[in-house]
Amino acid sequence: MSDVKTVNIKVDDKPMTVPADWTVIRACQTNGVEVPHYCYHPDLSIAGNCRICMVMIKGMPRPVVACAQPVSEGMEVTTTGQEVEEARKSVMEFMLINHPLDCPECDQAGECRLQNYSYEYGRDHGRFHEEKVVKSKATMGPNVKYWGSRCIVCTRCVRFSDEVSGTGELGVIYRGDKSEIALFPGKELDNPLSMNNADICPVGALVSSDFLYQTRVWNLTSKDSLCPDCSVGCNTRVDSDKKGYIKRIVPRRNDAVNKEWMCDYGRLSFPYVYENRLGRPLVDGKATGWKEARKAALDLLGGTPNAAALISAWNTNETLAALKSLLANHFPEIRISGYANPGRADEVFPGFTISGDKNPNRAGLRQILGIEDAEASLAQLAEEKSKLGTLLLVHGIPQFEMSEALKAVLDRSENVILLDFAESGLTRYGNVAVAFPTLTHYEKNGTYINRKGLSQSFRSVVEPFGYGRDESEILQEMHREMERSVKA
Amino acid sequence: MKTLSSTRLEKAEAYLTEYPTKRSALLMVLRLIEEEFGHIDDEGMAIAADLCEVTTAHVQGMVTFYTHYKRPYHGKHRFMVCATLMCALDGNTDEALSAIKAKLGIGPGEKTTDGLFSCEKVECLADCDRAPVVQKDNEHFCSMKGEKLEGYIDGLLQSEGKSAADYKNEGPVRMDSRVQTLPVHFNFDGENTRGARRLDDKDPYLPPRNTTEKPRG
Amino acid sequence: MSDDKNTSNAIPAAATPEPFSPVILRHIHEEGSHTLAHYLARGGYETAKSKMGTDPQAIVQTVIDSGLRGRGGAGFPTGKKWSFLAKGTGKPIYLAVNGDESEPGTFKDRHILEKDPHQLLEGVILTSYAIGSHHAFIYLRGEFILGYERLQQAVDEAMAKGFIGKKIFGGDFDLTVTVVRGAGAYICGEETGMLSSIEGGRGYPKIKPPFPAVSGAFGCPTIVNNVETIAAVTHIVKHGAAWHKQWGTEMSPGFKIFCLSGHVNKPGVYEVPLGIPLTEMIEVYGGGMRGGVKLKAVIPGGLSAPVLTAAQVADVTLDYESLAKAGSMLGSGGITVLDENVDMISAIYNTMRFYHHESCGQCTPCREGTGWLEKLAHRFHHDEGREGEVDLLGDVAKNMRGRTICVLADAAAMPMQSYLQHFRADFEARVKAASWKERTRSYKDEITPKAKASAKVRTENP
């Protein structure tokens with residue numbers, strides 16, 4: 001910060017020191033002064049068209065828009081007062097005259113800026129008694145729907161598609177009060193960042209098809225989380241309903257990681273939490289208690305020759321450490337190998353990159369277990385010819401496609417101890433001796449290290465669905481039992 | 001698949017090099033496409049987008065923002081009648097419109113069923129001293145009413161092998177128009193304040209009917 | 001106002017003013033006036049040729065001294081605008097000549113473009129040389145078909161002669177002149193809207209500051225001038241600042257083209273010294289009211305200028321200050337004369353419809369407000385004004401003013417406010433319709449059966 005030129009300004013008599021290239025609204029927001037806005041978004045270019053962020057600046061005859069006004073030394077800004085209120089009130093009235101006011105059936109209700117600012121600056125009754133302008137309704141793409149009449153033409157979505165996703169599908173068509181957002185005929189809004197358009201829409205014009213009519217937003221409980229779907233580690237907010245079901249996942253601002261964007265894959269991945277979950281611990285295919293299962297597992301680990309452990313890059317640092325300490329203290333001869341969800345190429349957009357590495361914690365595998373290359377580690381284990389007496393497999397990857405290498409490892413294992421949350425190709429593979437039900441990402445606490453080396457922790461956002469336990473808890477419990485048996 | 005003819009393509013290339021950015025040549029490239037195909041349709045927009053290296057959505061935005069480009073829903077002969085105050089004074093606009101209506105059976109915002117003629121009201125054409133001003137595609141006419149206009153339409157009809165009688169019993173078709181043409185209801189009656197003529201039109205702000213363009217979404 | 005004239009006469013160099021004869025429009029009625037041969041025969045391009053290699057700053061100073069004010073509408077001093085140009089940015093400088101001429105009631109640029117395009121080109125050469133621009137754009141509205149053809153022809157001719165292009169007049173100054181044809185948008189007459197259009201975008205005006213002189217077309221310093229301004233530059237540089245100052249008033253020196261339309265006997269374009277009485281324009285140049293009908297109102301500077309009543313017309317002179325004092329503006333010089341028979345409510349409805357149609361839709365107050373005003377005016381036009389709505393018209397207009405990126409919202413609100421101020425009784429007379437409460441009652445009756453039908457559908461699909 002020291003080499004950035006700064007200026008001193010005053011907002012409502014509150015002194016601030018901000019970089020010289022900032023705008024008034026950014027200075028206000030950063031320093032906790034709320035200025036209403038629709039079209040302004042910190043990560044997009046400035047349009048200055050909604051006209052509600054009016055503030056008074058000393059020396060200027062009338063209110064100016066804070067989003068387009070650069071700060072200058074000694075500037076004195078007033079964000080309240082009669083003139084500002086009047087300007088905002090009139091803009092608010094203009095916003096609503098052609099708006100259908102269909103809040104009862106609008107998905108945005110409850111988190112709509114028109115509602116919020118109307119509460120502050122709106123009139124108690126309308127003065128507009130003419131026919132409203134009716135605009136089109138469209139399905140923009142697989143994940144986004146459009147209600148034209150609700151649109152306030154802030155052009156956030158158009159700027160997003162031009163600047164961040166770079167796909168440029170959206171444009172404004174017609175002019176005046178008939179302006180609306182449209183796709184070129186025959187095209188659709190089908191890119192992996194499309195749902196951000198629904199997020200940044202300040203009103204209910206662009207909405208997520210997935211969340212549409214699922215619930216009212218005031219029935220949701222929001223908790224902060226991380227997205228586990230790739231190595232970027234987007235910060236998210238998970239909204240769940242009163243029954244504890246996840247309803248949607250939206251990005252949460254973190255300028256060091258994902259700004260305010262995330263990909264559609266991550267948003268739409270959560271249904272696996274409720275699919276084919278493993279119920280109780282299984283020993284030889286029969287449901288048992290946790291204690292029996294742990295005993296069976298420990299007997300296998302200690303009682304069979306040539307045991308091995310295999311852990312995926314989907315596990316938290318805590319699980320990795322628990323496994324490491326269990327084996328190091330009580331089964332020092334067991335070697336730990338790692339494996340990862342198969343990746344693909346990075347998807348690079350002008351303002352965002354979706355990582356091709358579909359594992360949240362490959363860096364953790366490297367830092368805690370010293371496994372530099374998870375694929376090579378698995379391949380090495382697969383190539384060995386001798387039979388494995390027992391394979392401790394800590395899985396936890398949703399929608400996993402069995403790889404040849406993993407198949408080879410399973411084939412040469414006589415017994416498999418599996419830690420996973422769902423029934424999958426692995427549980428049905430046949431040689432699973434003990435299976436522990438575990439938790440999905442959204443049900444447990446933990447820490448991941450993303451591909452930039454940033455360690456981010458997260459907490460559970462919903463109650464566990466089923467009877468699973470956290471992998472690290474299971475491993476620690478086994479460790480404790482070993483300690484007890486050694487003492488005894 | 002449409003393509004530009006080689007001469008126009010050369011001209012387009014010349015524009016693209018003359019202008020500081022390829023995007024900035026878009027207005028003129030669209031004119032070339034209008035010349036080539038007679039109007040700008042979706043394929044034409046795609047060609048322009050390719051040439052100027054912009055997105056098709058942007059070109060669509062341009063074509064719908066600027067009202068002078070000829071679109072597929074306009075007739076082959078597109079009448080634009082100025083309806084702004086200076087022309088509308090003394091009922092000049094109405095006279096021009098009623099002459100067109102009498103000959104071709106179309107009012108503002110409509111076209112003939114054979115798609116040959118369309119009529120629309122436009123805003124000021126900047127020749128206010130000689131009202132009413134009428135443009136037919138790229139031809140500009142001043143004081144265009146009465147016999148002058150009728151004679152001109154007769155000439156057009158003759159060149160198309162049609163006569164005014166052909167349009168007598170045919171109902172007009174509404175053009176798809178949002179900004180492209182003005183509301184149909186307008187009737188300026190500036191002659192006197194007492195007992196002025198008024199049209200009892202349907203409300204002008206209904207969404208467009210009989211859309212000839214593909215509905216989106 | 002005659003005092004003003006005296007003070008302008010007091011400037012030493014112009015002690016005895018020449019009787020004024022048209023300058024820019026002098027040759028428009030001559031056969032072939034648009035051709036290069038015609039222009040060369042009357043000494044064309046001599047000035048531009050003689051100024052090549054001289055100090056560009058001298059040309060700027062001449063224009064500053066002449067007191068020339070922008071003829072497009074705002075009346076900003078041209079020389080001053082040029083001096084605001086950001087220097088040493090390392091970016092190219094552009095000149096953009098505004099020939100969009102979209103203000104209703106204005107048709108002066110059409111005559112320059114169609115009848116005498118070469119004097120405009122000479123002005124472009126001089127201006128470009130003065131401000132150091134190597135690329136000039138002339139933006140014409142799409143409806144100027146003949147104007148475009150003639151201007152393009154003039155550019156080609158001048159290019160062939162080496163007046164524009166590489167190393168013009170054999171010197172070392174390069175100049176490209178590009179004629180851009182718009183396609184029907186009033187907003188492209190706004191300077192930044194025009195720049196957006198030149199950049200190949202929708203004609204959205206840009207947020208100021210930065211002003212075009214600092215960051216205009218393509219993010220480079222750009223000077224935007226009206227066609228008439230640039231044409232006047234040709235003559236000012238040729239004859240000198242003092243020559244220009246001998247006409248007009250002290251604050252509004254020189255001459256201007258006025259476009260007379262409406263109920264006068266001889267509508268048309270008239271080039272006159274600034275500061276002549278408006279009545280002279282109507283009576284002498286316009287040949288008086290058509291049919292001898294009494295004057296009702298005058299729109300003095302294009303449709304967006306606040307309207308003047310007959311009483312005000314008598315005191316007003318045609319210069320920037322006098323009209324501003326009368327609460328209106330000189331604007332682009334489009335004078336529309338309305339006689340006693342004009343229904344002012346129909347006129348304001350027509351005006352509002354124009355702005356509703358032409359609003360670009362960028363800023364909320366303008367996008368929504370112009371439509372609202374039109375719809376209100378539309379009801380008044382059909383005698384369906386309701387109680388309290390005359391005040392509502394004024395309130396909506398007031399709320400639109402000064403809250404948008406460009407002045408289109410103001411341009412729409414100003415006529416409405418002035419009509420309300422001067423012709424309020426006309427509005428009051430149209431308040432006849434049933435009150436809003438009575439209307440809603442009848443709507444409710446209609447809605448009930450539909451509501452029942454929709455309730456039925458819902459139970460089928462729980």
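In the predicted model, Val390(C), Leu393(C), Gly394(C), Ala397(C) and Met400(C) of helix H17 contact Ala409(C), Ala412(C), Ala413(C), Met416(C), Gln417(C) and Leu420(C) of helix H18, contact being C-beta atoms, placed from the backbone, within 7 Å. Helices (H or I, at least four residues) and strands (E, at least two) are DSSP runs numbered from the N terminus. By class, the contact of H17(C) with H18(C) comprises nine nonpolar, two polar and no charged residues (nonpolar: Ala, Val, Leu, Ile, Met, Phe, Trp, Tyr, Cys and Pro; charged: Asp, Glu, Lys and Arg; polar: the others, Gly among them). The axes of H17(C) (residues 389-400) and H18(C) (residues 408-422) come within 8 Å and cross at roughly 150°; H17(C) is therefore roughly antiparallel to H18(C) (angles over 145 degrees). Axes are lines fitted to C-alpha atoms over the stretch in contact, with angles from 0 to 180 degrees between N-to-C directions.

Chain C contacts chain A through 25 residues on each side. H15, H16 (364-381) and H17 of chain C each supply at least two residues to this side of chain C, and H16(C) provides the largest share, nine residues. Eight residues on the side of chain C are nonpolar, twelve polar and five charged.

The contact between chains C and B takes 47 residues from chain C and 44 from chain B. On the side of chain C, H15(C) gives the most, with eight residues. That side has 17 nonpolar, 21 polar and nine charged residues.

Residues are numbered from 1 along each chain as its sequence is written, and chains are lettered from A in the order in which they are written. Local features need pLDDT of at least 70 and side-chain atom pairs count only at pLDDT 80 or more, whereas totals for chains, interfaces and linings use all residues.

Key: Two residues are in contact if their C-beta atoms, placed from the backbone, lie within 7 Å. Angles under 35 degrees count as roughly parallel, over 145 as roughly antiparallel, 65 to 115 as roughly perpendicular and the rest as oblique.
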